[in-house]
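Keep the sequence and the structure open while reading.

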Amino acid sequence: MNGELLPAAVFFGSIFTGNILLSNYLGMCSFLSVSKEIKTSTGLGAAVIFVMAVTSLLNWIVYHYLLIPLGLEYLRFIVFIVVIAAFVQLVEMIIERVSEGLYAALGIFLPLITVNCAILGVSLFMVIRDYSLVNSFFFGLGSGIGWFLAIIAMAGIRKKISGAKIPKGLEGPGITLIIAGMMALAFMGFSGMINIT
Amino acid sequence: MASKAVKTLITPLGKENPVFVQILGICSTLAVTNKLENTIVMVLGVIFTTTLSSFTFSILRKVIPARIRMMVETLIIATYVIIVDIVLKAYMPEIWQQLGPYVGLIITNCIVMGRMEAFAASNPPGLSLIDGLASGIGYGYVLLIIAFFRELLGSGTILGFSVFGDWWTNWSIMVMAPGAFFVLAIFIWVVKGRMEE
């Protein structure tokens with residue numbers, strides 16, 4: 001049913017109307033723990049964009065050319081997570097050899113990404129929504145950018161409120177969740193523009 | 001021995017609760033709690049997975065080489081999640097449809113792997129089983145409380161039965177994304193406030 005969706009619609013839809021973090025809650029764990037500083041958030045966000053875009057492409061190919069012909073769709077959880085883990089490992093090794101600067105900036109975030117549920121979530125959504133190859137790539141890319149935007153915004157806001165007086169029980173995760181709720185409210189303003197589900 | 005088992009059972013329910021103290025596994029906490037019925041199914045799935053994964057990993061803990069430990073952990077979890085997925089698909093197709101990718105995302109739920117790393121890796125199978133079960137329950141009851149309020153305020157129902165009747169205006173924000181963030185934040189606030197006393 002989503003065969004006719006334009007790649008551009010999927011791309012913008014996954015950034016704004018269906019933001020993977022704010023409307024599907026994926027990647028909350030690292031979102032809450034890493035968003036303390038803008039610099040680290042940028043690093044993690046960039047790594048997420050890259051890994052998400054490529055793994056959604058890889059998983060689409062594996063799913064449609066390997067699992068479906070063999071009738072092994074039910075193994076997709078294991079296969080997807082292995083593809084993601086293997087890819088992350090590979091990228092880490094390549095980056096380490098090729099560029100020290102990039103490794104210093106992104107290297108430490110890569111292992112964290114394997115267990116980031118947003119990455120696996122994108123691959124699973126792609127299967128459920130029955131995207132084409134091109135749309136899957138743009139969905140992965142858009143979701144990554146959406147996640148990046150959300151974590152940068154959160155890091156910025158958290159920096160602003162670092163000196164504020166917050167009720168005792170709300171310090172830390174509590175206030176972060178409330179801010180995330182407000183951001184989700186703001187992003188709901190986009191809903192209705194494009195429907196990608 | 002017996003007292004240690006009891007202690008293992010009780011700590012994850014209160015002062016080391018995975019959700020509101022360790023802030024783990026938030027993704028699914030937020031995503032599935034808009035209806036109580038879905039939440040119950042999800043909670044049972046998580047309890048099943050975390051109990052048996054901890055148990056299995058604890059049995060194998062001495063034969064797994066340290067270098068591939070994470071990979072083996074992921075595969076153990078994925079195996080149990082596939083079982084949950086197939087059973088749900090066969091017996092509760094409607095709920096399976098609504099939960100969508102979130103069943104698969106139990107794999108990346110930090111609670112499961114967190115308990116394996118933190119507890120099952122250094123404890124005998126029996127205790128690990130109890131720890132897995134207790135963490136699952138500790139996670140589950142928080143989800144149920146949140147789902148209770150979200151469904152009650154958002155749809156005016158509990159488990160689909162109308163509670164308030166016609167005069168009630170649904171707080172539709174509660175069943176949407178921002179509501180989840182706010183309810184969890186308030187929950188953490190209340191619990192932390194009580195703990196300080």
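## Model and annotated segments

This is a predicted model. An unreviewed UniProt entry places the feature "transmembrane region" at six stretches of chain A: residues 6-32, 44-68, 74-95, 102-128, 134-155 and 175-196.

Two of these stretches can be set side by side. Residues 134-155 of chain A are 100% helix and 0% strand. The end C-alpha atoms of that stretch are 32 Å apart.

A:Y25, A:F77 and A:L177 supply 22% of the area that chain A buries against chain B, more than any other three residues. Chain A brings 41 residues to the contact, and chain B brings 40 residues.

Charged and polar links are counted separately. Between chain A and chain B there are zero salt bridges. One residue pair is in polar contact across the interface, with both residues at pLDDT 80 or more. Four elements of chain A give two or more residues to the side that touches chain B: α2 (28-34), α4, α7 (117-128) and α9 (173-188). Of these, α9(A) gives the most, with ten residues.

A:Y74 also touches the partner chain. Its place is the loop between α3 (38-70) and α4 (76-98) of chain A. Leaving aside neighbours within four places in sequence, A:Y74 is in contact with B:I82 and B:I86. A:Y74 counts as partly exposed because its relative accessibility is 41%.

## Aromatic pairs

Over all chains, the structure holds 13 aromatic pairs. In one of them, the ring centres of A:Y131 and A:F139 are 5.1 Å apart and the planes are at 50°, so the pair is tilted. Both partners are buried: A:Y131 has 1% relative accessibility, and A:F139 has 2%.

How are the rings of A:F187 and A:F190 arranged? Their centres are 5.6 Å apart and their planes are at 65°, so this pair is edge-to-face. The cut-off for that label is an angle over 60 degrees. A:F187 is buried, with a relative accessible area of 17%. A:F190 counts as partly exposed, at 28%.

Elsewhere in chain A, four phenylalanines form one aromatic cluster: A:F11, A:F12, A:F137 and A:F138.

Most residues other than glycine have a negative phi. Two residues of chain A deserve a look on this point.

A:Y25 has a positive phi, near 60°, and is not a glycine. A:Y25 sits in the loop between α1 (7-17) and α2 of chain A. Its relative accessibility is 5%, so A:Y25 counts as buried. A:Y25 is also one of the three residues that supply 22% of the area chain A buries against chain B.

A:D130 has a positive phi too, of about 60°, although it is not a glycine. A:D130 lies in the loop between α7 and α8 (133-160) of chain A. Is A:D130 buried or partly exposed? At 48% relative accessibility, A:D130 counts as partly exposed.

Conventions. Residues are numbered from 1 along each chain as its sequence is written. Chains are lettered from A and ligands numbered from 1 in the order in which they are written. This is a predicted model: local features need pLDDT of at least 70, side-chain atom pairs count only at pLDDT 80 or more; totals for chains, interfaces and linings use all residues. Side-chain values use heavy atoms; hydrogens and water are left out. UniProt positions are given in the numbering used here, feature names are shortened, and annotations may be inferred rather than shown by experiment. Rings of Phe, Tyr and Trp (its six-membered ring) pair if their centres lie within 6.5 Å; planes under 30 degrees apart count as stacked, over 60 as edge-to-face and the rest as tilted. Buried means under 20% relative accessible area, exposed over 50%, partly exposed in between (1.4 Å probe, protein chains only). Contact means heavy atoms within 4.5 Å. Buried area is the accessible area (1.4 Å probe) that two parts lose on being put together, summed over both. A salt bridge is a side-chain nitrogen of Lys or Arg within 4 Å of a carboxyl oxygen of Asp or Glu. A polar contact is a pair of N or O atoms within 3.5 Å; within protein, one must be able to donate a hydrogen and the other to accept it, and residues adjacent in sequence count only if both atoms are side-chain atoms.
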